[in-house]
Amino acid sequence: MSSGADGGGGAAVAARSDKGSPGEDGFVPSALGTREHWDAVYERELQTFREYGDTGEIWFGEESMNRLIRWMQKHKIPLDASVLDIGTGNGVFLVELAKFGFSNITGIDYSPSAIQLSGSIIEKEGLSNIKLKVEDFLNLSTQLSGFHICIDKGTFDAISLNPDNAIEKRKQYVKSLSRVLKVKGFFSNNVM
């Protein structure tokens, strides 16, 4: 597995847009903030997985993933706690959680190719206790709620880079998070 192309820096090191200057919120709009970009990324990664078995990028870095699992262990998060991976991408973090013993884990992504890739990787690993769903975190279905832990490894960054009304999208993100996260639950925006 390889570390993310941006070194885990997310929005801070995003590619510049044609305009090249930050908006009123301080973020530079970028293709990294669009669904089209991520659909294309995961279509390529899905094809690569099918051809070569390569699971693709760990966009947020393998050390960040391990650090979060160590944090969960240190804080004695029960293995049956419900965990939501927001913007699961290739699902590699879900695989690691399942291997660690977590049994109530769900991954969502708005890219159908990301969910297909996650499902293929999970199947290859022989895991069956992971739920996957194509879901736009900004337009949630009513079934998604009540999670003890919500983890975001870059979705908020991507939303912040969206060239189309990023400020409103960030506000909707917070509303969606408050809906899915249990009272006294934990949220990790794990971008370093």
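Here are some friendly notes on the predicted model shown above.

1. **Ground rules.** Because this is a predicted model, local features need pLDDT of at least 70 and side-chain atom pairs count only at pLDDT 80 or more, while totals for chains, interfaces and linings use all residues. Residues are numbered from 1 along each chain as its sequence is written, and side-chain values use heavy atoms, with hydrogens and water left out.

2. **Confidence.** Please take care with residues 1-18, where pLDDT stays under 50. For that stretch the model has 45 contacts beyond four places in sequence, a contact being heavy atoms within 4.5 Å. Where pLDDT is low, the predicted coordinates should not be read in detail.

3. **Overall layout.** The chain has 6 helices and 7 strands; these are DSSP runs numbered from the N terminus, with helices being H or I of at least four residues and strands being E of at least two. Along the sequence the pattern reads β-α-β-α-β-α-β-α-β-β-α-α-β. Among contacts between residues at least 6 apart in sequence, 72% join residues at least 24 apart.

4. **Burial.** Of the 192 residues, 46% count as buried; buried means under 20% relative accessible area, exposed over 50%, and partly exposed in between (1.4 Å probe, protein chains only). The accessible surface of the chain comes to about 9800 Å², with 52% of it belonging to carbon and sulfur atoms; areas come from the Shrake-Rupley method with a 1.4 Å probe, and for residues only the protein chains shown count as cover.

5. **Aromatic pairs.** Rings of Phe, Tyr and Trp (its six-membered ring) pair if their centres lie within 6.5 Å; planes under 30 degrees apart count as stacked, over 60 as edge-to-face and the rest as tilted. The count comes to 6 aromatic pairs. Trp 71 and Phe 186 are edge-to-face because their ring centres are 5.2 Å apart and their planes stand at 75°. With Trp 71 in helix 2 (residues 62-74) and Phe 186 in strand 7 (residues 181-189), the pair ties together parts 115 residues apart in sequence. Trp 71 is partly exposed at 31% relative accessibility, and Phe 186 is partly exposed at 38%.

6. Phe 156 is partly exposed at 22%, whereas Tyr 173 is buried at 2%. Ring pairs link Phe 137, Phe 156, Tyr 173 and Phe 187 into a cluster.

7. Helix 3 (residues 92-100) is mostly covered, with 7 of its 9 residues buried, among them Val 95. Just after helix 3, Gly 101 takes a positive phi of about 120°. Gly 126, in the loop between helix 4 (112-124) and strand 5 (130-134), is exposed at 62%. Gly 126 and Val 95 are 31 residues apart in sequence and 9.7 Å apart C-alpha to C-alpha.

8. **Asn 162.** Which loop holds Asn 162? Asn 162 lies between helix 5 and helix 6, and is buried, with a relative accessible area of 14%. Its side chain reaches the backbone oxygen of Gly 33 at 2.7 Å, and a polar atom of that side chain lies 2.6 Å from the backbone nitrogen of Asp 164. Not counting residues up to four places away in sequence, Asn 162 touches Gly 33, Thr 34 and Lys 169.

Key:
pLDDT = per-residue confidence, 0-100. Polar contact = N/O pair within 3.5 Å; in protein donor to acceptor, adjacent residues only side chain to side chain.
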